[in-house]
Amino acid sequence: MKKNIAIIMGGYSSEYQISLKSGNVVYNTLKSSNYTPYRIHIFKDKWVFVDHEDQEFPVDKNDFSVLINNKKVTFDCVFNAIHGAPGEDGFMQAYFKLLDLPQTSCDMYQAALTFNKRDCLSVLKPYGILTAESYYLNLGDTIRENDIIKKVGLPCFVKANKAGSSFGISKVHKKEDLQTAIDVAFKEDDEIIIESFLDGTEVSVGVITYNGETKVLPITEIVSENDFFDYKAKYLGQSQEITPARLTAEQEEKVVTVARKVYEILKMKGYSRSEFIFKDGEPHLLEVNTVPGLTNASILPQQAAKAGISMLELFKSAIEEALKK
C-alpha cells in the first residue's frame with residue numbers, strides 16, 4: 001500500500017506564496033514516487049485539500065482527514081512546507097503531536113524557539129555560539145535612540161523578531177532613519193531585534209537528518225546585489241548564491257562545526273538552514289530556519305544537489321525519518 005502524504009502549504013504570514021511554491025515542488029516530485037501526495041492548503045479562513053483540478057475539499061480538523069467523493073482519506077505522514085506561521089513557529093507541530101501524526105519538521109518546542117530570534121540566540125550563547133551585538137524592543141517600549149546606537153553602533157539592522165523571509169527588516173545608516181525602520185519592523189511583529197552590522201562573508205548552512213544521521217550540506221555564500229540579503233535579494237534574484245562558498249579550509253571547518261553543534265544543542269530534526277556572517281574569521285549566527293524554501297531556486301535543494309542528493313531523495317528521507325518516530 002502506498003502511504004498517503006499530506007503536504008501542508010500556505011500559512012498565515014507574508015510568506016504564504018513562497019510556501020505554496022515549495023509545497024507544489026514537493027507535490028510534483030512525490031507524484032512519481034511510491035507515496036500518494038495530497039496538497040493541503042492551510043489558511044486562516046480555510047484548511048482544504050486541493051485536487052489536481054484545483055477543486056477544494058475541507059479538512060476535518062478533529063482528525064486531519066478529508067472527505068473526497070464520500071470517501072474518508074487519512075494520512076500516514078505530514079510533509080511540512082509552511083514557511084512562517086503556523087508551520088515554522090510550533091503550532092502545526094503541536095497540533096500533529098496531539099493527533100499522534102508524524103510530520104517532517106522539528107518538534108514544537110524547537111520550532112517555537114528558533115522562530116523567536118532573540119530567544120534562540122539567548123539559549124545558544126552559553127554554549128559559546130557567537131552572535132551580533134543586539135538590542136531588543138517590545139511594542140510600547142520607550143525608544144532611546146542614543147542607547148540603541150551606543151550598544152549596536154551604526155550601521156545596524158532592525159528586524160521583526162518573529163518573521164521570516166526578510167520581511168520587516170531594514171539596514172539603518174543614520175540615527176534619523178532609526179524610527180522609520182522600527183515602525184516598519186513593528187508592522188510585522190510586536191517584538192523587534194536591533195543588531196550590529198557584521199561586515200563579512202555571509203553564508204547559509206543546511207543541516208538535515210539524512211538516513212538517520214546529522215548531515216551538513218555544502219555551504220552557500222550569499223552575495224547580495226542590494227545593501228543586504230533582503231526579500232528582493234532572496235526571492236527576486238537580486239543576489240548571487242555561490243555553492244560551495246568561497247571559504248578557506250579553516251573557515252569552512254569552523255562554520256560546519258558550529259552549524260552541526262547548533263542543530264544538536266537544539267535537538268533539531270528534519271531540515272534546517274542557519275545563516276552566519278564571518279567577523280574576524282569567526283562565524284557569527286544570525287538565525288535558524290526550520291522550514292527552509294524547497295523550490296528549485298531555494299538554497300537547501302541547491303546544497304543537496306551539490307551533495308549528490310536529488311529532490312526526491314531529499315523529500316523521501318524527511319518522510320522516512322518522520323515515520324520512524
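Colleague: Which residue lies over the face of Trp47?
Modeller: This is a predicted model: local features need pLDDT of at least 70, side-chain atom pairs count only at pLDDT 80 or more, and totals for chains, interfaces and linings use all residues. Residues are numbered from 1 along each chain as its sequence is written, and side-chain values use heavy atoms, leaving out hydrogens and water. A charge sits over a ring if NZ of Lys or CZ of Arg is within 6 Å of the ring centre and within 35 degrees of the ring normal. At 4.6 Å from the ring centre of Trp47, the residue is Lys61.

Colleague: Over the face of which residue does Arg39 lie?
Modeller: Look for a ring beside Arg39. At 4.8 Å from the ring centre, Arg39 lies over the face of Tyr27.

Colleague: With which residue does Arg39 form a salt bridge?
Modeller: A salt bridge is a side-chain nitrogen of Lys or Arg within 4 Å of a carboxyl oxygen of Asp or Glu. For Arg39, the closest N and O atoms are 3.4 Å apart, and the partner is Asp54.

Colleague: Why does this pair tie together separate parts, and how many residues apart are they?
Modeller: Strands (E) are DSSP runs of at least two residues, numbered from the N terminus. Arg39 lies in strand E2 (residues 35–42). Asp54 lies in the loop between strand E3 (47–50) and strand E4 (56–60). So the pair ties together parts whose separation in sequence is 15 residues.

Colleague: Is Arg39 buried or exposed?
Modeller: Buried means under 20% relative accessible area, exposed over 50%, and partly exposed in between (1.4 Å probe, protein chains only). Arg39 has 11%, so Arg39 counts as buried.

Colleague: What is the relative accessible area of Val66?
Modeller: Val66 lies in strand E5 (residues 65–68). Contact means heavy atoms within 4.5 Å. Leaving aside neighbours within four places in sequence, Val66 is in contact with residues including Ile40, Phe49, Phe57 and Phe75. Val66 is buried, because its relative accessible area is 2%.

Colleague: How far apart are the C-alpha atoms of Val66 and His173?
Modeller: Along the chain, these two are 107 residues apart. Their C-alpha atoms are separated by 52 Å.

Colleague: Which residue forms a salt bridge with Lys162?
Modeller: Lys162 counts as partly exposed, because its relative accessibility is 26%. The closest N and O atoms are 3.1 Å apart, and the partner is Asp189.

Terms used. Helices (H or I, at least four residues) and strands (E, at least two) are DSSP runs, numbered from the N terminus.
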